[in-house]
Amino acid sequence: WVGRPLRRREDRPLLTGRGRFVDDLAVPGLAHLALLRSPHAHARVARLDVRRARTAAGVVAVVTGADLDGIGPLPVNRLFRDMIVPPNPLLAGERVHAQGTPVAAIVAEAAATAWDALALIAADYVPLDGVATPGAALAAGAPTLFDAAPGNRALAQAWRAGDPDAAFAG
């Protein structure tokens with residue numbers, strides 16, 4: 001199959017207007033989700049005011065990282081022994097570590113209502129220094145993205161010991 005064109009069965013109905021998309025489904029009680037995402041790759045969330053969004057007509061819920069304090073971060077597989085796995089919250093709290101990181105979620109009765117409610121959220125960020133390449137991230141004096149990973153290294157101990165294969169040992 002590699003390198004060969006595949007016959008696609010879904011194209012004809014989609015191209016002729018007879019296809020169905022998830023957005024076309026109408027299920028009773030269906031709610032829609034929209035995420036407010038950080039425009040910054042590395043920043044401190046200085047202010048996140050969701051009061052206006054919470055009171056908007058048709059909004060079912062507005063959720064922030066603070067609302068999820070009792071829920072742990074998303075589980076991330078620890079691939080190697082002694083691997084440092086930084087927290088991976090469902091919604092960012094005080095800091096964002098990647099552009100597009102969700103900082104708030106809106107649940108609404110209609111998709112347009114959810115997106116309109118995002119515009120009612122006041123979010124201010126303080127951009128933090130960052131780097132764009134792995135080499136720059138590992139350079140001396142580079143800004144640290146996660147406090148739990150000094151020097152921006154997730155596998156520092158196993159590799160530093162001079163035995164890369166030790167990182168794979170259970």
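Predicted model: local features only at pLDDT ≥ 70, side-chain atom pairs only at ≥ 80, totals over all residues.

Colleague: Why is R54 called partly exposed?

Modeller: Its 41% falls between the cut-offs of 20% and 50%, so the in-between label applies. D67 gets that label at 44% relative accessibility.

Colleague: What makes R54 and D67 a salt bridge?

Modeller: Their side chains come to 2.8 Å, N to O, and the cut-off is 4 Å, so the pair counts. The two residues sit 13 apart, with R54 in helix α2 and D67 in the loop between β3 and β4.

Colleague: And how do you know that D147 and R95 form a salt bridge?

Modeller: The closest N and O atoms are 3.9 Å apart; that is within 4 Å, so the pair qualifies. This one links the loop between α4 and α5, where D147 lies, to R95 in strand β4, 52 residues away.

Colleague: Why is D147 called exposed, then?

Modeller: D147 has 65% relative accessibility, and exposed means over 50%, so the label follows. R95, at 24%, is partly exposed.

Colleague: What about D49, why does it count as buried?

Modeller: Its value is 18%, and buried means under 20%, so D49 gets that label. R51, its salt-bridge partner at 2.6 Å, N to O, is exposed at 61%.

Colleague: How many salt bridges are there by this rule?

Modeller: Five, including the pairs R51 with D49 and R54 with D67.

Key:
Residues numbered from 1 in each chain as written. Heavy atoms only, no water. Buried < 20%, exposed > 50% of the residue type's maximum accessible area, 1.4 Å probe, protein only. Helix = DSSP H or I, 4+ residues; strand = E, 2+ residues; numbered from the N terminus.
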